[in-house]
Amino acid sequence: MTNADPDLPRAAAPPEPCLLIATAFDQRQVTQLRHSVSACAHAAGLRGQRLNDFVLAVNELTTNAVRHGGGRGSLRIWRQAGSLVCEVSDHGEGVNSRLLGDHRRPAPESVGGWGLWLARELSDTMDVTSDRAGTVVRITTLLPIPHPAPD
């Protein structure tokens with residue numbers, strides 16, 4: 001005996017995001033965090049230049065949180081729908097909306113302004129939410145499609 005109605009289509013629930021890293025950090029943890037992100041992204045399937053790009057993008061975001069977001073932040077990385085997602089948040093005073101809307105490459109002689117631009121260039125998507133309570137930056141990188149092993 002079963003409770004299933006044979007006339008209803010069967011559907012699997014979409015998988016929940018798989019949380020891989022969730023941690024708070026300050027300047028003392030940035031280097032160790034970069035190593036953890038690299039190991040995590042490698043275990044998730046990133047390799048070669050895609051792995052290097054993801055790690056560099058996350059490093060830029062964590063460094064920005066320390067420099068501009070009150071000296072500390074929080075990092076979460078999870079796998080979702082064929083992507084690796086990273087979210088870095090801080091409690092700084094926010095990013096000027098003019099800067100957020102400017103997606104142009106900074107001038108070569110610019111000392112600052114490279115972090116968000118670089119993170120945007122190195123990831124597949126980037127979303128930024130910022131106000132006087134802080135900033136949240138979310139980047140995604142597509143994971144390679146696994147190929148079945150040959151018979």
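This is a predicted model: local features need pLDDT of at least 70, side-chain atom pairs count only at pLDDT 80 or more; totals for chains, interfaces and linings use all residues.

Trainee: Good to know. How many helices and strands are there in the protein chain?

Mentor: The protein chain has four helices and five strands. Going along the sequence, their pattern is β-α-α-β-β-α-α-β-β.

Trainee: And what share of the 151 residues is buried?

Mentor: Buried residues come to 36% of the 151.

Trainee: Let's go inside, then. Which residues in the largest nonpolar core touch the most other members?

Mentor: Those are Phe 54, Leu 75, Ile 77 and Ile 139, in a core of 29 residues. At least two core residues come from each of strand S1 (18-26), helix H1 (30-44), helix H2 (48-68), strand S2 (72-80), S3, helix H4 (114-122) and strand S5 (134-142).

Trainee: Which of them gives the most to this core?

Mentor: H2 does, with eight residues. As background, nonpolar side chains tend to be buried together in soluble globular proteins.

Trainee: Can we zoom in on Leu 75? What does Leu 75 touch, not counting residues up to four places away in sequence?

Mentor: There's a list: Ile 21, Ala 22, Thr 23, Phe 25, Leu 33, Val 37, Val 58, Cys 86, Glu 87 and Val 88.

Trainee: Changing topic to helix packing. At what angle do the axes of H1 and H2 cross?

Mentor: They cross at roughly 150°, and the axes come within 10 Å. Angles over 145 degrees count as roughly antiparallel, so H1 is roughly antiparallel to H2.

Trainee: Is that crossing left-handed or right-handed?

Mentor: The crossing of H1 and H2 is right-handed. On the H1 side, Val 30, Leu 33, Arg 34, Val 37, Ser 38, Ala 41 and His 42 take part. They meet Leu 51, Phe 54, Val 55, Val 58, Asn 59, Thr 62, Thr 63 and Val 66 of H2.

Trainee: I see Ser 38 in there. Which residues is Ser 38 in contact with, leaving aside its neighbours within four places in sequence?

Mentor: Leu 51 and Val 55. Ser 38 is in helix H1, and its relative accessibility is 26%, so it counts as partly exposed. Ser 38 and Leu 56 are 18 residues apart in sequence, with 9.3 Å between their C-alpha atoms.

Trainee: And Thr 62, is it buried or exposed?

Mentor: Thr 62 counts as buried because its relative accessibility is 2%. This residue sits in helix H2. Setting aside neighbours within four places in sequence, Thr 62 is in contact with Phe 25, Val 30, Leu 33 and Val 88.

Trainee: What about H2 and H4, how do their axes cross?

Mentor: The axes of H2 and H4 cross at roughly 155° and come within 9 Å. That makes H2 roughly antiparallel to H4, and this crossing is left-handed. H2 brings Asp 53, Leu 56, Ala 57, Glu 60, Leu 61 and Asn 64 to the contact, while H4 brings Gly 115, Leu 116, Leu 118, Ala 119 and Leu 122.

Trainee: Where is Glu 121, by the way?

Mentor: Glu 121 is in helix H4. At 49% relative accessibility, this glutamate counts as partly exposed. Glu 121 and Asp 53 are 68 residues apart in sequence but 9.0 Å apart in space, C-alpha to C-alpha.

Trainee: Now the loops. What phi does Ala 81 have?

Mentor: A positive phi of about 50°, although Ala 81 is not a glycine. Ala 81 lies in the loop between S2 and S3, and it is exposed, with a relative accessible area of 78%.

Trainee: Last one: where does Glu 93 lie?

Mentor: In the loop between strand S3 (83-90) and helix H3 (97-101). Glu 93 has 71% relative accessibility, so it counts as exposed.

Trainee: What does Glu 93 touch, not counting residues up to four places away in sequence?

Mentor: Asp 131 and Arg 132. Glu 93 and Ala 133 are 6.0 Å apart in space, C-alpha to C-alpha, and 40 residues apart in sequence.

Key: Residues are numbered from 1 along each chain as its sequence is written. Side-chain values use heavy atoms; hydrogens and water are left out. Buried means under 20% relative accessible area, exposed over 50%, partly exposed in between (1.4 Å probe, protein chains only). Contact means heavy atoms within 4.5 Å. A nonpolar core is a set of buried Ala, Val, Leu, Ile, Met, Phe, Trp, Tyr and Cys residues joined through side-chain atoms within 4.5 Å. Axes are lines fitted to C-alpha atoms, for helices over the stretch in contact, and angles run from 0 to 180 degrees between N-to-C directions. Angles under 35 degrees count as roughly parallel, over 145 as roughly antiparallel, 65 to 115 as roughly perpendicular and the rest as oblique. A crossing is left-handed if the near helix is turned anticlockwise from the far one by less than a right angle, and right-handed if clockwise.
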